Amino acid sequence: MTWHKGPLAGGIAALILVAMIGIPFTRLFAERPQRFGWQMYTVAHEAPKAWAIAPGGKLVPLDMVERFAILRGDLPDADAVALAMCAFTDAPDVLVELRPDVSGGARCP
Amino acid sequence: MTWLWDRLAKRIDARPLGVTRIALGIAALLMTIELADSVGHVTDGAHLQIPVIPGTDWMRGFVATALAAWLVGAILFTIGLWTRPAGMLLVAASAFLFLADQQLYSNHLLMLTAFIGLTTLADGGAALSVDARRRGAHTVPAWPVWLVMAQLTTVYVFSAISKLNPSFLSGSVLASYFRSDGILALPDSWRSFQLMFVISVAVICLELFVAIGLWLPHWRRNAFVGGLALHAGILATYEAPHFPLLVFGVASLAPYVLFLNAAPASKLVIWDRSCDFCQMWIRWGQRLDWLGVLRYAGNEEEDVLAAHAITREAADEALHLVDGDGTHVGYDAVRRAAEVLPLTFLWAPLLGLPPVRWVGHRVYRRVARNRKCTIPRPEPAT
């Protein structure tokens, strides 16, 4: 077992090191907090908000905070969260604002 | 580059990695409790279910299985039985949980998984494990161990850099996380911009200091204390649920022992063999010396005393510890020994702070004077 000495080991080590530094480095250039960036406790955000869109186009606030299994500040996909909120409303459409820069919506199936 | 790779390609003692593996295993066991709560919420139907990849809702049906696999892996990894498969099982279970629901991601779990993966790659079961008992302990390649250390540094560095933003520097983040109830609560009147700003900058500096200091022999002891203070401080002062912070602390501190400059048998302890009180402490020292750093000689071993210019009278009077830095006597010898034991090395440098040291010297002298020596004093070896 000499794999740990040869060029293969060097390649594996270099690859891991590049990922270890490169992934969090790229995350520094987006709004915080980002996943895979070791950005724990870096910003404080307000609680996320959600609205049901009534047939007439009226926005009806939904209580979303209590619906989270784990309320995380770094959820990346607002559309997926909006779609998940459909399970808790009869409205045909849902809008979600996770953070000021992360919002999305879904048409409920 | 060749010089660097020559250093990283060599094989090193596996015991520090074994200690890290056990600590990571304990963190993984504790993490099971945290994960059980999260998994329960994700699957109870009363909370949001947010798949990472659309159309993979079926994965939610297996998160309890993944959690069970995590628990089995954590037990095996801790005791070091089938360590490599156990480590791979933990990484696979963690990856499955990450992919099952967006809410199951956590930086703490990701960090723990990264440490476990790298420790597995480094053959973390090579020492202090059931595997090592069955197959015999052996050395491990240095480069994967170095990667575990680099991973810890990366976490601290990016954690510090990402805090360089107006929200954190304004102090509002810490002000919102600090406890508002209990004996460690921060009074509202103290949550001023000035104080919160100073604490915020101090936290960033501390993280950077630990990240760099761990690699520098001169600053390493301070970095150990700094890291311990950082994690103990988070646990003591943050209002956030404390159990996850405890798990985070254990996982973060687990690789610190890899930075310990503690070559096997590199420190010589000379002690009074006629003293049963000393014998009890030496026995404890041997039990806790998992890295095998300390070797022992009795005060009757004249050749050993002569080799280190220690008189028999001095050796009868107090414990001596000889290492690369010189000869340490009495309380200082105890302190130096504590700095290489896995259970004490993080906080032992505090024993060298002036007030603690003064008290320590006094207590040591008093105990040494009043100790009972009922064991017949051995004659000098001839």
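Let me start at B:Pro264, which sits in the loop between α12 (242-253) and β3 (267-271) of chain B, and let me say at once that what we are looking at is a predicted model. With a relative accessibility of 40%, B:Pro264 counts as partly exposed, since that class runs between the 20% limit for buried and the 50% limit for exposed. Leaving aside residues up to four places away in sequence, B:Pro264 touches B:Asp13, B:Arg15, B:Leu291, B:Gly292 and B:Val293. As for B:His320, which is 56 residues from B:Pro264 along the chain, the two C-alpha atoms are separated by 18 Å.

Stepping back to chain B as a whole, its secondary structure comes to 17 helices and six strands, and its C-alpha trace spans about 80 × 60 × 45 Å along the principal axes. Chain B has 382 residues, of which 50% count as buried. If we take the contacts in chain B with a separation of 6 or more, 75% of them are between residues 24 or more positions apart. The chain exposes about 17,400 Å², and carbon and sulfur atoms supply 67% of that area.

Now to the charges. Where do we find a positive surface patch? One is formed by B:Arg362, B:Arg365, B:Arg366 and B:Arg369; of these, B:Arg369 belongs to helix α17, residues 354-370 of chain B, and is exposed, with a relative accessible area of 62%.

Side chains of opposite charge can pair when their charged atoms come close, and over all chains the structure holds 21 salt bridges. In chain A, the side chains of A:Lys49 and A:Glu46 meet in such a bridge, at 3.5 Å from N to O; A:Lys49 is partly exposed at 33% relative accessibility, while A:Glu46 is exposed at 63%.

In chain B, B:Asp101 forms a salt bridge with B:Arg60, with 3.5 Å between the closest N and O atoms. This pair links distant parts of the chain, 41 residues apart, with B:Asp101 in the loop between α4 (83-100) and α5 (107-121) and B:Arg60 in the loop between α2 (15-43) and α3 (63-79). Both B:Asp101 and B:Arg60 are buried.

A further bridge joins B:Arg191 and B:Asp188, at 3.5 Å from N to O, and here B:Asp188 is exposed, at 66% relative accessibility. Finally, salt bridges that share partners join B:Arg221, B:Asp325, B:Asp332, B:Arg335, B:Arg336, B:Glu339 and B:Arg357 into one network.

Technical notes: Residues numbered from 1 in each chain as written. Chains lettered and ligands numbered in written order. Predicted model: local features only at pLDDT ≥ 70, side-chain atom pairs only at ≥ 80, totals over all residues. Heavy atoms only, no water. Patch = residues over 30% accessible without salt bridge, like charges linked within 9 Å, V, L, I, M, F, W, Y side chains within 5 Å. Areas by Shrake-Rupley, 256 points an atom, 1.4 Å probe, with all protein chains shown as cover. Salt bridge = Lys/Arg side-chain N within 4 Å of Asp/Glu carboxyl O. Lys, Arg positive; Asp, Glu negative; His and termini not counted. Charge placed at Lys NZ, Arg CZ, Asp CG, Glu CD. Helix = DSSP H or I, 4+ residues; strand = E, 2+ residues; numbered from the N terminus. Buried < 20%, exposed > 50% of the residue type's maximum accessible area, 1.4 Å probe, protein only. Contact = heavy atoms within 4.5 Å.
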